[in-house]
Amino acid sequence: MSLQSSGRQQREARGANARAEGQQQQQEEERREVTLFREYLRIRTVHPEPDYDSAIAFLERVAIDLDLPLKKYELEPSLIAVVITWEGSNPALRSVLLNSHTDVVPAFQEHWQYDPFEAVKDAEGNIYGRGAQDMKSVGIQYVEAIRRLRDEGKRFPRTLHLLFVPDEEVGGFRGMSLFVKSPEFKALNVGFVLDEGLANPTDAYTVFYGERSCWWVTVKCTGHPGHGSRFITNTAAEKLQKIINAFLGFREKEKARLDCSACMTLGDVTTVNLTMVHGGVQYNVVPAELAASFDIRVPPAVDLQAFEQQLESWCREAGDGVTYEFAQKGMDQSVTSTSESDPWWGAFSAVCRDMNLDVKTEIFPAATDSRYLREIGLPAIGFSPMNRTPILLHDHNEFVSEAVFLRGIDVYAGILPALASVPAVPAEQ
């Protein structure tokens, strides 16, 4: 037996044992909210071929159970946004949108302790699964908070919409980006948005009020070709070396800024990463063209025009025949107000204080669907109520503990009434 086979069998045995324990726990004591969450995790909405049909069928059952209407909006063939609506007592007021995405990133089972689509709950109450943090937990927390409030006979002035969108994990270009431009979205009459955030390993909860601009840029370098045995001058490779040195040299300076400031977070600095290198024909041919692709994330405080001028100067300094083009170039730098005088933030933060939640506000370091909402002028904050939890989105062995998941429902059950009861803002009067 190979070591690889032995390791696989050990993982399978652990998974089987944990599943058996989890099923026994579920039969004996598991709360309905947790069972629903684990059922959602088992739906393989994983790229590159997410099973959206099963997710939609699941959400249809959820809506029936909540006794709330559900609508489906086809964005593109096989790409559907689902909206479950709890109408407020004054539907003329702008609504509150609770956004989540149904898709998840790939998981490599050989690196996981348990099957990433079995939603195993271990003896400590940790629930493992792709999407446990990003962001199926949040979608179910919305659902269960609303269920609790409805069971208590509550109703609020503003309408609450639960939105489940596809495609977020591959950029949202065929998901939220399309939906916000549609008349169907406009009809939702949205005034404020809650979207995903990140876990926090400390006692605090992180709230994100903006995002860095995402730039995906490819720099193409052209030069003299020739035989691999000669010292060709002015080659594409020499220019590419200068480009890589310039981009990664800047990267090191930004990393140093982050490392030496206790007040800075990742969202406050510009990250640059070389992600792809293209070109070449064969070993003994000096190529006429080589290219490098970079993922760049720029904070809202940075002057984007000045930063692009810096990119242009690096290309000029690398030599003739060096050009660049963008695959993605986010230029909107809108942020959501965190002033206590802002009615939405004031309502959110007041509940956090009342519940003794230690809230830390930051710029989100990556990208979420919130950027499309802020671009059309909607205030949006990213918030996943998961403290005392390592950040494991897109990582192996993604999990959230049962206790943290259930506490998140309590948090939303406090926050949603406050947001849905915000008095009419000036634009509504």
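The model is predicted, so local features need pLDDT of at least 70 and side-chain atom pairs count only at pLDDT 80 or more, while totals for chains, interfaces and linings use all residues. Residues are numbered from 1 along each chain as its sequence is written, and side-chain values use heavy atoms, with hydrogens and water left out.

**Exercise 1.** Work out at what angle helix α7 and helix α8 pack, and which residues make the contact.

*Solution.* Start with the helices, which are DSSP runs of H or I with at least four residues, numbered from the N terminus. Helix α7 spans residues 236–259 and helix α8 spans residues 304–318. Next, take the geometry: the angle is about 145° and the axes are 8 Å apart, with axes fitted to C-alpha atoms over the stretch in contact and angles run from 0 to 180 degrees between N-to-C directions. Then list the contact (heavy atoms within 4.5 Å): α7 brings residues including Ile 243, Phe 247 and Phe 250, and α8 brings Leu 311 and Trp 314, among others.

**Exercise 2.** Find how large the largest cavity is and what lines it.

*Solution.* A cavity is a set of points on a 1 Å grid over the protein atoms alone where a 1.4 Å probe fits but cannot get out, and lining residues have an atom within 4 Å of a point. Count first: there are three cavities of 30 Å³ or more. The largest has a volume of about 60 Å³, the volume being the space filled by probe spheres set on the points. Its lining includes Tyr 52, Val 82 and Phe 164, and α3 gives the most, with four residues.

Definitions and conventions
Helices (H or I, at least four residues) and strands (E, at least two) are DSSP runs, numbered from the N terminus. On a 1 Å grid over the protein atoms alone, a cavity is a set of points where a 1.4 Å probe fits but cannot get out, and a pocket is an open set with protein on both sides within 12 Å along at least five of seven lines; lining residues have an atom within 4 Å of a point.
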